[in-house]
Structures are given as C-alpha cells and as structure tokens.
Amino acid sequence: MLEWLGMSSADELFADVPKDVRKEVNIGNGMEEMDVVSRIAGILKRNVTCSEMPCFMGMGSYRHYVPAAVDHITGISEFYTSYTPYQPEISQGMLQSLFEYQSIVCELTGMDASNSSMYDMSTALGEAARMCSRISKGKTFLIPEALNAERNSVLENYLTGTGIRTARYGFDKRTGSLLLDDISSEIRKNDVCGVYAEMPNLFGCLDRNVASIKALIGNVPLVIGADPLCMSIVRPPGDMGADIAIGEGQVLGTRIGFGSPLLGLFACRQEHIRKMPGRVVGLTEDTEGRRAFCLTLQTREQHIRRSSATSNICTNEALSAVGAAVYVSVLGAKGMIDIAKKNMERARTLMSMLSRIKGIEIVFDNVHFNEFAVRLQKDPSEVNKALLKKGVMGGVPLKGHVKGMDDCMLLATTEMHSDSDHKELADALTEVL
C-alpha cells in the first residue's frame with residue numbers, strides 16, 4: 001500500500017495525525033486464518049459470562065430470560081439486515097414493527113406518543129433535559145443526588161453549550177426516597193426548566209414520593225425514568241403527571257453481553273410531540289385507501305434545517321426495538337406482571353438472607369423492585385474480587401455514584417436467579433466478610 005501511494009513509511013502515511021495522539025499498535029506478523037481463529041478463541045476463553053456463574057450486577061443492565069421467539073423473529077433477514085426505512089413502499093414490515101413498539105411503550109408508560117427509540121436511557125435523559133428547555137425556558141434541570149455516574153456524565157455532555165445547568169436534590173437516608181422539600185426549595189431558588197426522577201430509583205426503591213412531584217412543580221416539565229418491567233405492576237409515569245417518560249428497554253428481550261446493546265425508551269404527552277427528538281412512525285393510508293405506515297415526524301438534522309432540529313441523533317435502535325415488541329407480545333400482560341412480581345420476590349428473599357450475615361447491613365427500609373443497597377464492613381471492590389475467586393459476580397460498588405456511600409454495594413436479582421444462586425452468594429459473602 002505504501003509503495004502504491006509513493007510513501008516510504010507508516011509515519012508518512014499518518015503525517016496528518018498529530019504525533020501526540022498516535023499510538024504504536026504492534027499486532028505482530030501475519031498468520032493463517034485458522035491460526036488467527038484459534039488465537040482469538042484462546043483470548044476469548046479468559047472472559048467469564050453470567051451464564052457460567054451467578055451475576056448480581058445491575059444498575060441499568062439486567063439479566064432476564066429471553067424467549068426463543070425473540071431471537072427467531074429478530075433473526076429474520078428482513079429485520080436483521082434492514083436499514084433506515086426511508087422508503088415506506090419497501091419497508092412496511094419494519095415500519096409496522098416500530099409502530100407496534102411505539103404503541104407498547106405508550107401503554108407501558110401511560111404517555112400519548114413515543115418515538116421509535118433512542119440509543120439508551122442515558123442519551124434519552126440528555127435528550128429529555130434539552131426537550132424540557134424547549135418546553136420551559138428555565139436554565140436549571142433538577143436531578144437526583146442518587147444518580148448513576150455514567151448517566152450523569154452523558155447528561156452533562158448533552159447539556160454542554162446549551163446554557164442549561166444541573167442542580168441536585170437529596171434523598172432520605174433511612175428510606176432512600178427523594179426529598180420533596182429539596183425539590184420545592186430548588187424550584188423557589190432557581191429558574192427551573194425541568195425535574196427528573198426515577199422509578200425505581202438508583203437504589204431499587206419504589207419511591208412513593210415521585211407521584212407527588214407534579215403537584216409541587218406545577219407547569220415545570222416532569223421527566224420520569226422508569227423500568228418498563230416494573231411499570232407493569234406500578235403506576236406508569238403518565239399517571240404520575242410526567243410530561244416525558246424515558247427508560248432502559250434492555251430488559252425487554254435483550255441479553256447482557258459485556259455491556260450489551262441497549263435501548264432508550266422515550267415518550268411524551270401529545271402537546272409536546274413536535275419537540276420530541278428522533279423519529280416517529282405513523283399509521284396512514286396509501287392512495288388506494290389501504291392501511292400503510294410511514295415515518296411521520298423526523299425532527300432531526302438529516303431532514304430539516306440544522307437550526308430547527310431538535311436533536312442530532314441520526315438513527316435509532318431498530319433491531320432492539322423490534323425485539324422489545326416481540327418480547328412484550330410473547331409474554332403478554334400476565335407474563336409481564338408475573339416476571340415483575342418474581343423480581344420483587346427474589347429481591348425480598350435475598351435481602352432477608354443477607355441481612356442475617358455479620359458485616360452486612362441493608363441500607364434502606366423501603367419496598368424494592370429487583371435491586372437494593374448493602375453496606376459492607378470491607379471495601380466493596382475488594383469484596384467483589386474475592387467473590388470472583390469463589391465463582392460469584394458481586395454487585396456494583398456505589399463509590400463514585402453517590403457521595404457518602406463508598407462502603408456500599410448495589411445488588412440486583414431477577415427471575416434468572418435460583419434459590420441455590422442466592423445461597424451461593426450468601427455463603428461466599430459470609431466467608432469473604
């Protein structure tokens with residue numbers, strides 16, 4: 001290649017790239033294809049998945065059972081390889097599937113309209129904050145003190161250059177529930193454009209105070225981040241006064257795979273739909289009066305003047321969205337409710353088991369969905385390392401996520417955990433602590 005380009009070295013090829021950002025990558029000499037496959041297989045064997053040992057990590061990504069029908073349907077080539085459905089005349093299958101997905105999101109969240117998905121819940125939060133500033137002209141976006149640090153980082157990046165700042169409200173140290181007085185104080189003190197709350201919250205608590213926020217803030221837009229599985233058994237965001245609802249749809253038919261593809265849910269009230277980011281699939285009729293689907297709204301820079309665009313998102317998580325629609329369709333309302341109840345039961349059972357172990361304290365006295373915080377007498381990161389040696393993946397340390405909780409860990413459990421998995425974790429923690 002260098003010879004054909006008339007160059008003598010790779011340095012000359014990359015001369016336009018500043019030296020201080022270049023890094024030498026030594027991949028060694030060429031190998032036969034069979035040897036490369038063998039080499040890579042050897043490297044991959046060092047990975048350990050949650051299929052090989054019990055995993056109790058959560059905080060946004062959870063292991064749930066995925067029915068075989070989800071893989072079968074999303075594996076159909078028309079779904080698996082389809083590109084953005086710009087041409088409705090040849091994309092009716094994908095458009096209808098996304099329309100069904102939007103309908104399901106609306107039903108789960110209790111909202112009027114949904115887009116056809118965002119990248120993940122973190123980007124959905126960033127977009128929601130920006131959307132609030134288009135609805136209300138304030139310059140402060142209120143967020144919980146207990147917020148996933150990565151989610152907060154994405155939010156701050158989305159707000160860069162907008163003039164919008166974030167302010168935090170606290171939580172009750174006994175129950176983990178948000179403090180309504182803090183929100184009220186911030187509303188009086190700042191020019192607030194929106195308020196964000198989660199159900200369940202970071203600690204897995206079903207926070208009853210979320211339902212009281214809208215009465216407190218009046219016309220200020222309310223954003224509620226919700227677990228869609230949990231929404232099958234608790235009041236949806238729409239019933240709690242939300243103007244915008246977001247969520248992480250990974251729990252609806254997407255496996256966790258070293259981070260996994262994620263799926264951002266995004267829905268809003270009808271009056272705000274033209275301020276919503278992304279794309280919306282609509283139901284219409286063709287020239288012969290037959291039912292047809294098309295991209296109805298595309299308020300993004302690919303289709304309209306950049307200055308008028310609501311977002312620079314250029315795509316969506318179409319395949320995961322189709323998978324979510326299949327997952328919900330296969331389970332039905334009863335199946336969703338059964339799984340949600342099972343998750344609550346599993347959390348209650350595990351909390352009870354761990355509370356009897358010396359060196360472990362259950363942090364919050366509240367109703368939990370499928371995860372909860374524990375306080376440990378040893379460093380959570382060191383505990384996790386010791387647990388791995390015993391064949392168990394522990395929880396997520398709260399250090400870096402919530403101030404004053406460096407000695408705490410968040411443990412998640414789902415319908416995928418058996419009683420023996422719980423016992424294995426309890427026995428390992430007993431030994432480690």
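**Basis.** I worked from a predicted model, in which local features need pLDDT of at least 70, side-chain atom pairs count only at pLDDT 80 or more, and totals for chains, interfaces and linings use all residues. Residues are numbered from 1 along each chain as its sequence is written, and side-chain values use heavy atoms, with hydrogens and water left out.

**Sheet.** I took helices (H or I, at least four residues) and strands (E, at least two) as DSSP runs numbered from the N terminus. I counted two strands as paired if DSSP finds at least two bridges between them. Seven strands form an open sheet of mixed pairing, in the order β1-β7-β6-β5-β4-β2-β3. At the edges I found β1 (113-114) and β3 (165-169), each pairing on one side only. Strand β2 (residues 140-144) runs parallel to β3, and five bridges join them. I noted F141, whose bridge partner in β3 is T166.

**Helices.** I next followed α7 (residues 121-135), which lies across β2, β4 (192-199), β5 (222-226), β6 (244-248) and β7 (264-268). The axes of α7 and α8 (residues 149-159) come within 8 Å and cross at roughly 40 degrees. This makes α7 oblique to α8, a term for angles that are not under 35 degrees (roughly parallel), over 145 (roughly antiparallel) or 65 to 115 (roughly perpendicular). Axes are lines fitted to C-alpha atoms, for helices over the stretch in contact, with angles from 0 to 180 degrees between N-to-C directions.

**Contact.** With contact meaning heavy atoms within 4.5 Å, I listed residues of α7 that meet α8, including M121, L125 and R130.
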